[in-house]
Amino acid sequence: MPELPEVEVTRQGIDAPLRGARVQAVRLGKPLRWPLGCPRERLVGAEVGPVARRGKYLWLALSRADRPAGGLLMHLGMSGSLSLLTQPPAPGPHDHFDLVTDRGTLRLVDPRRFGAVVYAPALDRPPAAKLLARLGAEPFDTAFTAQHLHQALRRRRSPIKAVLLAGDVVVGAGNIYACEALHQAGIHPAARSDRISAPRAAALLAAVRATLARALALGGSTLRDFTDVHGASGAFQAEAAVYGREGLPCPRCGRPVRRRVQAGRSTYYCAGCQSR
Ligand SMILES: [Zn+2]
């Protein structure tokens, strides 16, 4: 599943080339998770850009003669990837959306079709507003402080790992990043959210930021393009301390890494380094 680093690497890859591009046509393949929500013709002639990101959603702003003309909210789902093609081949069986512009064709490839491209008049209007309503803070938002995180964690009694995965406190801590950040911060994945102290919340926020920043750096540096749905996370996993390493020694203390299933997801942790 594309995680926040893949989505951000994608955003960085398409933002500059698409900025100012003129929409010439829209092609739809098989149905995605939600319908487009407007006639395709409404998009033709609009100018694209900038491309923003909120959680794992991308927002392609559209404008006409310097006035906003809504935008497209895009999600890569379980298996989606976007590429900007200057000479696009004929659409294949998994190519379900083409935004044809004078700067190239933005194509969504999505074999499992849990992805989506949805028109909205603005980010704070339906249907975009509803889709984004429950998202937590952006991890790199400097206005989101350790104190904010601590206050939010105090309102929840669930295990901290589940709170991170839910994404309604802070976005971006998918399974691999949640496991790694908790290990880095020395917090047991089953620790109750409301019992995490302020200093530990601060350590956790720093760890979430560090793990995502590392994945972004790997995604940006190791990928030739941004179409690999596991690019950044895959490169990051290769140097993970605990994720996917059950039975192998913890790089910090040498004890074997343990695995347990939490809310249907594998959690990897070190019982020596991580406490409740
Ligand atoms: Zn350890």
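Residues are numbered from 1 along each chain as its sequence is written, and side-chain values use heavy atoms, with hydrogens and water left out. Because the model is predicted, local features need pLDDT of at least 70 and side-chain atom pairs count only at pLDDT 80 or more, while totals for chains, interfaces and linings use all residues.

Trainee: How many residues of strand β3 are buried?

Mentor: Strands here are DSSP runs of E with at least two residues, helices are runs of H or I with at least four, and both are numbered from the N terminus. A residue is buried under 20% relative accessible area, exposed over 50% and partly exposed in between, with a 1.4 Å probe and protein chains only. Strand β3 covers residues 57-64 and is largely enclosed by the rest of the structure, because the buried ones number 7 of the 8.

Trainee: Which residue in the turn between β2 and β3 has a positive phi?

Mentor: Strand β2 (residues 47-54) runs antiparallel to β3 and is joined to it by 6 bridges, where pairing requires that DSSP finds at least two bridges between the strands. E47 stands opposite S63 of β3. The two strands form a hairpin with 2 residues between them, and the turn residue with a positive phi of about 60 degrees is G55.

Trainee: What is the bridge partner of A61 in β4?

Mentor: Strand β4 (residues 67-75) pairs with β3 in the antiparallel sense over 7 bridges. The hairpin of β3 and β4 has 2 residues between the strands, and A65 takes a positive phi near 45 degrees there. Within β4, the residue bridged to A61 is G71.

Trainee: How far apart in sequence are the parts that K56 and E3 tie together?

Mentor: A salt bridge is a side-chain nitrogen of Lys or Arg within 4 Å of a carboxyl oxygen of Asp or Glu, and K56 and E3 form one with their closest N and O atoms 3.7 Å apart. E3 is buried, at a relative accessible area of 12%. Since K56 lies in the loop between β2 and β3 and E3 in the segment before α1 (4-18), the separation of the parts in sequence is 53 residues.

Trainee: How many salt bridges does a search of the whole structure find?

Mentor: One further case is the salt bridge in which the side chains of D98 and R107 meet at 2.8 Å, N to O. Both D98 and R107 are buried. Over the whole structure, the number of salt bridges found is 16.

Trainee: How many aromatic pairs are there, and how is the pair of Y243 and Y268 classed?

Mentor: Rings of Phe, Tyr and Trp (its six-membered ring) pair if their centres lie within 6.5 Å, and planes under 30 degrees apart count as stacked, over 60 as edge-to-face and the rest as tilted; the count is 2. The rings of Y177 and F236 have centres 5.1 Å apart and planes at 45 degrees, so that pair is tilted. Y177 lies in helix α5 (residues 175-185) and F236 in helix α7 (residues 231-237), so the pair ties together parts that are 59 residues apart in sequence. With centres 5.3 Å apart and planes at 65 degrees, the pair of Y243 and Y268 is edge-to-face.

Trainee: How many disulfides does the structure hold?

Mentor: A disulfide is a pair of cysteine sulfur atoms within 2.5 Å. C253 is partly exposed at 36% relative accessibility, whereas C273 is buried with a relative accessible area of 15%. The number of disulfides is 0.

Trainee: Which residues form a nonpolar patch on the surface?

Mentor: F114, found in the loop between β7 (104-109) and β8 (116-120), counts as partly exposed at 39% relative accessibility. Patches are made of residues with over 30% relative accessible area and no salt bridge, with like charges joined within 9 Å and nonpolar side chains (Val, Leu, Ile, Met, Phe, Trp, Tyr) within 5 Å. Together the patch residues have about 250 Å² of accessible area, and they are M1, M78 and F114.

Definitions and conventions. Areas by Shrake-Rupley, 256 points an atom, 1.4 Å probe, with all protein chains shown as cover.
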